[in-house]
Amino acid sequence: MPALKAPDGTRLAYRVLGEGTGAPVVCLPGGPMRDSVYLGDLGGLPAHRRLIVVDQRGAGRSATPDDPASYRCDRLVGDVEALRVHLGLGRMDLLAHSAAANLAVRYVERYPHRVGRLVLVTPGTDAAGLGAGGDDRREVARLRSDEPWYPAASAAFEAIDAGAAAAADWVTVAPFLYGRWDEAAQAHRAAEEKQWNEAAAEVFGSEGAFDPEATRAALAALGTPVLVLAGEFDLASPPRVVARLAALFPRAESVVQPGAGHYPWLDDADRFVSVTARFLA
């Protein structure tokens with residue numbers, strides 16, 4: 001598996017998907033700090049563009065750093081830049097999922113001239129100071145009220161929102177993250193437990209990780225074309241909150257994928273790939 005060394009010497013592994021000869025798309029997995037294997041092949045996107053899918057430090061096949069504080073989002077920017085240099089790219093197209101959108105916008109803040117096109121898939125919004133509230137999530141949850149799992153999942157969500165969640169509630173609420181709670185979705189969710197570096201995830205958004213005022217100012221000045229893709233049913237990144245993030249960019253295309261949750265390439269691969277490949281073309 002190819003790898004590079006981060007500025008502090010930590011070994012960072014990445015996968016190359018697709019055999020195209022053009023410039024690759026660098027993909028940042030979410031979680032935060034989750035093994036990139038959960039992305040699969042993003043619904044078949046490598047048929048259109050070669051993908052470089054990196055494992056963040058301490059996750060997947062990348063090494064654990066000597067300094068746990070280096071898991072903080074703003075400090076991970078150096079790893080992204082080291083990957084760009086390693087790949088020999090003057091500018092790179094960048095795709096980030098979920099929590100990694102926070103890393104992507106912090107990277108853009110520091111290196112705006114290094115990004116050609118930016119794709120944010122069901123993005124986290126904390127770096128821009130746009131956290132989702134309980135009412136934002138309830139609006140989305142009510143769309144699933146006719147599902148057989150809804151009563152239990154809704155009760156689990158209310159416990160989580162009230163700060164009184166039991167460990168089981170995080171499992172019970174999972175159907176809200178998928179467009180269909182079928183066998184494929186259940187298997188995807190079951191694999192999550194072994195893919196996550198929870199200790200690293202706690203550091204990712206810790207004090208000092210984000211500077212919303214600086215980030216928002218940087219995004220307002222960005223000339224890069226941006227695709228911001230939300231899932232209609234996504235409780236983690238509610239569409240109306242994602243729309244607020246898209247509004248911060250001067251050249252953003254905001255898309256809501258119908259019937260999709262937090263992993264839209266699982267819910268409708270053809271639609272996800274069509275929208276994303278068109279934008280990246």
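Student: Which residues line the largest cavity?

Tutor: The model is a predicted one, and the structure holds two cavities of 30 Å³ or more. About 80 Å³ of space lies in the largest cavity. Its lining is made up of L12, L28, V54, D55, Q56, R57, L76, D79, V80, L83 and L103.

Student: Which residues lie closest to the centre of the largest pocket?

Tutor: The largest pocket has a volume of about 1200 Å³. It is lined by 41 residues, and those closest to its centre are G31, P32, W170, W196 and A236.

Student: Which element gives the most to the lining of the largest pocket?

Tutor: The lining of the largest pocket comprises 21 nonpolar, 11 polar and nine charged residues. The elements that give two or more residues to it are α4 (150-161), α7 (198-204) and α9. With four residues, the element that gives the most is α7.

Student: What is the order of the strands in the open sheet of eight strands?

Tutor: Strands of a sheet pair through backbone hydrogen bonds, either parallel or antiparallel. In this sheet the pairing is mixed, and the order is β1-β2-β4-β3-β5-β6-β7-β8.

Student: Why is one side of β1 and of β8 left without a neighbour in the sheet?

Tutor: Strands β1 (3-5) and β8 (252-257) each have a single partner strand, so one side of each has no neighbour; the reason is that both stand at the edges.

The twist, for its part, averages 20° from one strand to the next.

Student: Which residue of β2 stands opposite L4?

Tutor: β1 pairs with β2 (residues 11-17) over three bridges, in the antiparallel sense. Within this pairing, the β2 residue that L4 faces is L12.

Student: What angle does the direction of α9 make with that of β7?

Tutor: Helix α9 (residues 239-246) packs on the sheet, where it touches β6 (115-121), β7 (226-231) and β8. The angle between the directions of α9 and β7 is about 170°.

Student: Is the peptide bond from G31 to P32 cis or trans?

Tutor: Most residues other than glycine have a negative phi, and most peptide bonds are trans. P32 lies in the loop between β3 and β4. For the bond from G31 to P32, omega is near 0°, and the bond is cis.

Student: What is the phi of L42?

Tutor: L42 is found in the loop between β3 and β4. Although L42 is not a glycine, its phi is positive, at about 50°.

Student: Why is the pair of Y38 and Y263 classed as it is, and what is its class?

Tutor: The structure holds nine aromatic pairs. In the pair of Y38 and Y263 the ring centres lie 6.1 Å apart. Y38 belongs to the loop between β3 (25-28) and β4 (51-54) and Y263 to the loop between β8 and α10 (264-267), so that the pair links distant parts of the chain, 225 residues apart. Because the ring planes stand at 80°, and planes over 60 degrees apart meet the cut-off, the pair of Y38 and Y263 is edge-to-face.

How values were computed
Residues numbered from 1 in each chain as written. Predicted model: local features only at pLDDT ≥ 70, side-chain atom pairs only at ≥ 80, totals over all residues. Heavy atoms only, no water. Pairing = 2+ DSSP bridges. Axes fitted to C-alpha atoms, helices over the stretch in contact; angles between N-to-C directions. Contact = heavy atoms within 4.5 Å. 1 Å grid on protein atoms, 1.4 Å probe; cavity = no way out; pocket = protein on both sides within 12 Å on 5 of 7 lines; lining within 4 Å. Points joined across faces, edges and corners; volume = space filled by probe spheres on them. Nonpolar A, V, L, I, M, F, W, Y, C, P; charged D, E, K, R; others polar. Phe/Tyr/Trp six-rings, centres within 6.5 Å; stacked < 30°, edge-to-face > 60°.
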